[in-house]
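This report describes one protein chain for a reader who is new to protein structure. Please keep the sequence and the model at hand while reading.

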Amino acid sequence: MPEPLKNLLHEALVGDMADRIAANAPSFDRDHFAALATDGLEALELMERSALIRDALFATLPDGFPEAAAILKASLPASARPGLTGWMLLPINQFIAARGPDHFELGLDLLKALTPHFTAEFGIRPFIHRDQQRALAIISGWVGDADQHVRRLASEGTRPRLPWAMRLPQLVKDPTPILPILTALMDDPEEYVRRSVANSLNDIAKDHPDMVAAFIAGHIEDASPERRRLLKHASRTLLKKGHAQALANFGFGAAASLQCELRLINGEVMFGEGLDFAIRVTNGGEAAQSVMIDYAIHHVKADGSLSPKVFKCKTITLAPGQSQAIERRHAMRPITTRRYYPGQHRIAILVNGAESASESFILKMPSSDPG
């Protein structure tokens, strides 16, 4: 079994935090901090542990944020000197998110200094929520920073629907204020940064599909291979949903001239095994076609209804009259993000975004009877 996430914050880490802060603030009561930060720690989950450590910082750092920020900034790693780094900085993020917005520029500057040592994408979101225009004016200046982590923070921290973080409802409603940031970082030399740009655009596509499809169309002509990969990754939700403009952006036309056959090799699947199926796609048109083949598994939910999940299969080019056969196995095994129920499921083949063939299959659960 993998180590529980909560164990990323533990008593020894708290002790290291205390030592590294005390080294830069002789008046810091490291023993009181350590006692508060570990009181009941073992019983808590990850974010609860982080909040406990944050509260210990509230109690032991100076009440004035400028004084506390100076100590924390001095406690970051410098040259060969060890400092606050890694998961130690999760509660520091929470501390800055709570106290920093009343000292706007200072708080954002501290997060900028922190991000090379641990992500600060969660910490900047309360600043954006408090005063979006002011925050984005500062964050926009980071796109040319020499540090890739700072540049990435500009795109990742402003994502409207960043997973595990507070949502930014103003940007969900109208994401246009962050498009200049994404445009500036689209050709960043680091894939780490470009992937963040793609993820932000994909977030926006969930609420504004036409906007993102048009954005992609405006930036794909003469695109470098790196930018093209970014734009395709940014379009993944739109492509799975068969958005016409998104498909056209990458040369996928209407599926009218494409025929698809689906054959299930096993119509009954025992949970823990896999669904085996074969596909044949034929180009019945008079011109070559780029073909994107995906498939959707329609899973049975607790109430008996079906819920689809789309999976990538293959992208090919077919000449007129050409066919291609593909065989796949889809594993039906335990995963943390889904609970499986027995019964009649469905698989559908999507060709250039259009459902072109489907079949039902039965998912069975192993017997729990020890006899």
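## Glutamate 48

Glutamate 48 is part of helix α3. With a relative accessible area of 43%, glutamate 48 is partly exposed. On this scale, buried means under 20% relative accessible area, exposed means over 50%, and partly exposed lies in between, with a 1.4 Å probe and protein chains only. Glutamate 48 and proline 91 are 43 residues apart along the chain, and their C-alpha atoms are separated by 9.9 Å.

## Basis of the model

This is a predicted model, in which local features need pLDDT of at least 70 and side-chain atom pairs count only at pLDDT 80 or more, while totals for chains, interfaces and linings use all residues. Residues are numbered from 1 along each chain as its sequence is written, and side-chain values use heavy atoms, with hydrogens and water left out.

## The chain as a whole

The secondary structure of the chain consists of 16 helices and eight strands. Its C-alpha trace spans about 80 × 65 × 35 Å along the principal axes. Of the 371 residues in the chain, 46% are buried.

A contact means heavy atoms within 4.5 Å. Among contacts between residues at least 6 apart in sequence, 66% join residues at least 24 apart.

## Two helices with a buried side

Which residues of helix α6 are buried? In this helix, residues 104–114, they are Phe104, Gly107, Leu108, Leu110, Leu111 and Leu114. Viewed down the axis of α6, these buried residues fall within an arc of 155°, so they line one face of the helix. The arc is that of the directions from the helix axis to the C-beta atoms.

Helix α13, residues 209–219, has Val212, Ala213, Phe215, Ile216 and His219 as buried residues. Their arc around the axis is only 160°, which puts them on the same side of α13. The face turned away from that buried side carries the exposed residues Asp210 and Gly218. Among the elements that cover the buried residues of α13 are α11 (179–185), α12 (191–207), α14 (225–234), α15 (236–240) and α16 (244–249).

## Pockets

Pockets and cavities are found on a 1 Å grid over the protein atoms alone: a cavity is a set of points where a 1.4 Å probe fits but cannot get out, a pocket is an open set with protein on both sides within 12 Å along at least five of seven lines, and lining residues have an atom within 4 Å of a point. Grid points are joined across faces, edges and corners, and a volume is the space filled by probe spheres set on the points.

The largest pocket holds about 530 Å³ of space. Its lining has 20 residues, and Leu46, Met47, Leu90, Phe122 and Trp164 lie nearest its centre. At least two lining residues come from each of α3 (46–60), α5 and α7, and α5 gives the largest share, four residues. By class, the lining has 13 nonpolar, four polar and three charged residues. Here Ala, Val, Leu, Ile, Met, Phe, Trp, Tyr, Cys and Pro count as nonpolar, Asp, Glu, Lys and Arg as charged, and the others, Gly among them, as polar.

The second largest pocket holds about 150 Å³. Its lining consists of His299, Lys309, Phe311, His330, Ala331, Arg333, Ile335, Thr337, Arg338 and Tyr340. Two or more of these residues come from each of β5 (306–318) and β6 (323–331).

## Cavity

How many cavities of 30 Å³ or more does the whole structure contain? The search finds one. The largest cavity is lined by Ile128, His129, Gln132, Leu168, Pro169, Gln170 and Leu171, of which α10 (169–173) supplies the largest share, three residues.

## Cysteines

No disulfides are found in the whole structure, a disulfide being a pair of cysteine sulfur atoms within 2.5 Å. The sulfur of cysteine 260 lies 9.4 Å from the closest cysteine sulfur, that of cysteine 313, which is too far for a bond. Cysteine 260 counts as buried at 14% relative accessibility, and cysteine 313 counts as buried at 13%.
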